[in-house]
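Student: I would like to work through this structure feature by feature. Where do we begin?

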Amino acid sequence: MNTRPLVAVVAAGAAVALAACGTPSSGGTSSDGGKFTVVWDMWASGESDVEALEAQLAIAREENPDIDIQLKHAPWDDYFTKLTTNLASGDVACVTSMNGQRLSGYHEAFLPLTEEELATAGIDPDDFAAGSFDIMSHDGTLYGIPYDVAAMLVYYNKDMFAETGTPEPEVGWTFDDFDAAAEGTTTDEHHGFGMSIGEFQWMSLPIARSGKQPVDESGALALDDPEFADAAEWYVDIADKGFGSVPPSAAETGWGEQEYQAGNVAMAIDGTWNAATYLGNEAGFDAGMVDLPSQDGEHLGLVLGSGYGISADCADKEAALKVLGSLVGEDAQNLIASSGRSYPARTSSQPLYFGSLDEGVRDEVEATFEAAFTGVQGQRSTDDWAQINEAMSPQIISVYTGDTTIGDVLGQTQQQFGE
């Protein structure tokens, strides 16, 4: 996921200067007009992202006229570096955006949200998609509220399937179907599948095939679980059989997705957050999408996403909670859904997302999303999960080149980071 829209789930949360609650620049003081200032830190990749954020900001300001709400933003690539730096100095904005998959490494910076805090924010958990609160929870404690939900899909090039006479995948397909599709769409001109070293792009299929997450239910690292390891070996075999296009270097973290978007491979794994982008791809091919395949009748996917939390050190938590409530409120959720930029966590807003799509693909996307979000689990991760993935990514390149095996990579990483 190296190129991320505003709502990337698999992504995301950033801030220009994660300023301290309790200082004039970040929130925590009264302005000259007597309003308490709350800073909201978020990420933005370009002008369109900033415009979308400002539209949400306008809603929050209208709903909270007694609070001075300020927006700070920065590109995704800069976010966690700055967040880590500012955490060390205690400079965290009152409302800070957070990628759910990275929450484990930052949860201590956030205020645990109990029923009392949710009531202050005007948030009813029943208004949100099943399992969505898992996105912003760690070790059973809720630290934020999700604004979007995401799942991983198989995106495919309908033109390449037609060209090779390969049957298109359908919702509810199996791994046998996937294998046949990867082989059938591989020609001298293009591979059937784009391989990746990105966390969710390469792990999603082994998780779905094995029914196992690489972190067990106790929160312990389980990369060497035999069933997960066998499924990872199957994934690598896609390349060994000549059906997969492999990244040329560890720098190409989004190789599979990029090759798919360019029209160079028939299939790739990516998140629901890119559905609209791929449907309108610049390469001009007819794009399709389907849920992850099932194995022995079982289907395991992860519910991913991002949300907003309150700094544990925020000087006026009540004001910050009210802002949080507005940012995940019905009007704000309707806005991001109707723009097609994000699949909202609030269930009443979700139909607006499908309504934003071209009528010709609307039914297909809705059916795929329904299947993809059925039976999902919240992702389990360790406190050093980001470091684990950073350590594995370059080693997976060595697997693709045949210099090592995926079993050795998983075992060595387990030995290095496991307890």
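Predicted model: local features only at pLDDT ≥ 70, side-chain atom pairs only at ≥ 80, totals over all residues.

Student: How much space lies in the second largest pocket, and which residues are the closest to its centre?

Tutor: The second largest pocket holds about 670 Å³ of space. Its lining has 27 residues, and H138, D139, G219, R380 and S381 are the closest to the centre.

Student: What is the phi of D139, and is D139 buried or exposed?

Tutor: The general idea first: most residues other than glycine have a negative phi. D139 has a positive phi, near 55°, and is not a glycine. D139 sits in the loop between β5 (137-138) and β6 (141-142). Its relative accessibility is 73%, so D139 counts as exposed, the cut-off being over 50%.

Student: Where does D296 lie, and what is its phi?

Tutor: D296 is found in the loop between β12 (287-290) and β13 (302-303). Although D296 is not a glycine, its phi is positive, about 55°. Because its relative accessible area is 72%, D296 is exposed.

Student: Helix α7 is next. What should its span be, and how far apart are its end C-alpha atoms?

Tutor: Helix α7 covers residues 226-240, which is 15 residues, so at 1.5 Å a residue α7 should span 21 Å; the end C-alpha atoms are 20 Å apart, which agrees.

Student: Which residues of α7 are buried, and what do they pack against?

Tutor: An α-helix has 3.6 residues a turn, so residues three or four places apart point the same way. In α7 the buried residues are F228, A231, A232, W234, Y235, V236, I238 and A239. They pack against α5 (175-184), β9 (191-194), α6 (199-210), β10 (244-245), α14 (385-400) and α15 (406-417).

Student: What caps the N-terminal end of α7, and which residue just after α7 takes a positive phi?

Tutor: The cap is D225, with a side-chain oxygen 3.0 Å from the backbone nitrogen of E227. Just after α7, the residue with a positive phi is G242, at about 90°.

Student: Now two loop residues. Is S104 buried or exposed, and what does its side chain reach?

Tutor: S104 lies in the loop between β4 (95-99) and α3 (115-121). It counts as buried because its relative accessibility is 4%, and the cut-off is under 20%. Its side chain reaches the backbone oxygen of T382 at 2.8 Å. Leaving aside neighbours within four places in sequence, S104 is in contact with H138, S381, T382, D383 and W385.

Student: Where is H190, and which side chain does a polar contact join to that of H190?

Tutor: H190 is in the loop between α5 and β9. With a relative accessible area of 7%, H190 is buried. The polar contact, of 3.2 Å, joins the side chains of H190 and E163. Beyond neighbours within four places in sequence, the contacts of H190 are M160, E163, T164, T185 and N264.

Terms used:
Residues numbered from 1 in each chain as written. Heavy atoms only, no water. Helix = DSSP H or I, 4+ residues; strand = E, 2+ residues; numbered from the N terminus. Expected span 1.5 Å × (residues − 1). Buried < 20%, exposed > 50% of the residue type's maximum accessible area, 1.4 Å probe, protein only. Contact = heavy atoms within 4.5 Å. Polar contact = N/O pair within 3.5 Å; in protein donor to acceptor, adjacent residues only side chain to side chain. 1 Å grid on protein atoms, 1.4 Å probe; cavity = no way out; pocket = protein on both sides within 12 Å on 5 of 7 lines; lining within 4 Å. Points joined across faces, edges and corners; volume = space filled by probe spheres on them.
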